[in-house]
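Me: I have a model open and want to learn how to read it. Can you take me through a few features, one at a time?

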Amino acid sequence: MGDQQGKFSTAASRWAGVGPYYAMFPTEFADRVIAKYTSHGDTIIDPFAGRGTAVFSAAASGRCGVGVELNPVGWVYAQAKINPATKTDVLSRLAEVAKLCAMDQCLPDLPEFFTWCFTPDVRRFLVAARRHLNWRQSKVDWTLTAILMVNLHGKREASLSNQMRQTKAMSPDYAINWWRERGMRPPKVDPVEFLTQRINWRYTHGTVEAGDSFVYLGDSTERLAAVKKRVKALSLPNAQLLLTSPPYCGVTNYHYDQWLRRWVLGGPPEAVAAGGRHRGKFYDQEKYKRLLYDVFTEAKPVLRRDAVVYVRTDYREVTLRATVEVLREVFPRKRMFRYARQIDKKTQTHLFANKVEKSAEVDVVLLPAA
C-alpha cells in the first residue's frame, strides 16, 4: 500500500477513493469541473451522489458539497469521506467489534457462497459487524463500515474475500463454480489485523475538513425538499453548480451489483435486487424520463439563477435523448452544449450494455443565458 509515486500523498487523495463503484465519475473529473465553474465558498449539488465524489471534491476544495444518494452503500462511503470519525475512535470501535465477535462463536446459517468466499474467522467478524455497527446514526460506525466494505471483496490476499472483483459482487453460483474449478479457497486472514492496517493507511495524512457539506440517504424525488430546507437553515448560498451523473437506461443495477455489501448493512444474504422505486436498470424510457424530470425540477429551487448545470451521461441515443429533452424542458433559458468524451477505461455502458464497442460518455452543459 505504498504511495505510488505521490498518488496518495494527501488526505484528500487517500479518502477520495473510498468506495469501489461502477460509475464514470472520476475524482479528477469532478475536481476540474468544480474548479472551472465555481469559486471558494460556493455550493455544489449532486442529486445522484453515488459514492459522494462531487460532494467530496467540493468540500476538499473549499466549497460546500450537497448531495442525495438512494443506495445505502454509496451513502456510507460518502459519509465516511465528508464526515469521518477520528482514527482513535475507529480503532477502538474495531476492537469492540472484535470482542463482541469473540463472545459469540456461533455462526448463523448462511448460503454456500459465504463458505467459499470467507474463512470462518472472517465470517464471524462480518456477522458481528453486521449485527452491532449502527452505520445509519453513528459517525464512528459509518466510518468503520465504509472501510470494511471497501476491503470486503477484491483481489485475493488484498481483501477479506476469495478472488473477486472489487467494484461489484458476482452472482453466487458463478463465483462458486469459478472458485471450485480453480481449487481456490478463501485466504486465511485476521480481519482485525487486516482492517487495522487499512485504517492506519487511510488516516496517514489525516482527514479532509468538509465544513457544512452533507449527503442525505434517500430518493432525490423526495429528499430534495429537505435539502432545500437545510441549505436555508445553514445560511448556505444556493448552488452555483449542479454536477451529476444519473443512472443510464438499461445498463446496470447498482443495488444488485452491491448485494454482498448490502448484506453487511443488514440486507439479505442472497444476490437479489433491492425493492422499491428507482432501483432497477431503467428499461422503461418513459419512467426514466419522469425520474430525470422530477429530480431536476426538485433541484432547481436550490440553484442560483446563473447556476451551471453539468450532467455526464451515456452517449447512446436512448439515454442521451431523454437527458437532453428533460434538461431543455426544466432549464429552457440556459444555453446547452454537448461534448463527447472518449474514455480510456471501460465504462459502465461498455461493461453492461449489449453490443457496445466503444467507451464514451457525453457531457451536457447548461450555461446561463448570455
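**Reading the model**

Me: Where do I start? How many helices and strands are there in the protein?

Reply: Bear in mind that this is a predicted model. The protein has 16 helices and seven strands.

Me: What share of the residues is buried?

Reply: Of the 370 residues, 56% are buried. The protein exposes about 16,700 Å², with 48% of that supplied by carbon and sulfur atoms. Now look at contacts with a separation of 6 or more: residues 24 or more positions apart account for 77% of them.

Me: How do I read a single helix? Take helix 7.

Reply: General idea: an α-helix has 3.6 residues a turn, so residues three or four places apart point the same way. Here, helix 7 covers residues 120-132, 13 residues in total. From first C-alpha to last, helix 7 reaches 18 Å, close to the 18 Å expected at 1.5 Å a residue.

Me: Which residues of helix 7 are buried?

Reply: Val122, Arg123, Phe125, Leu126, Val127, Ala128 and Ala129.

Me: What do the buried residues of helix 7 pack against?

Reply: Five helices are listed by their residues: helix 5 (87-103), helix 6 (112-117), helix 8 (139-150), helix 10 (191-202) and helix 13 (259-264).

Me: And cysteines? How many disulfides does the count give?

Reply: A disulfide is a covalent bond between the sulfur atoms of two cysteines. The test here is a pair of cysteine sulfur atoms within 2.5 Å. The count comes to zero.

Me: Are Cys101 and Cys117 buried or exposed?

Reply: Cys101 is buried, at 10% relative accessible area. Cys117 is buried too, at 0%.

Definitions and conventions: Residues numbered from 1 in each chain as written. Predicted model: local features only at pLDDT ≥ 70, side-chain atom pairs only at ≥ 80, totals over all residues. Heavy atoms only, no water. Buried < 20%, exposed > 50% of the residue type's maximum accessible area, 1.4 Å probe, protein only. Helix = DSSP H or I, 4+ residues; strand = E, 2+ residues; numbered from the N terminus. Expected span 1.5 Å × (residues − 1). Contact = heavy atoms within 4.5 Å. Areas by Shrake-Rupley, 256 points an atom, 1.4 Å probe, with all protein chains shown as cover.
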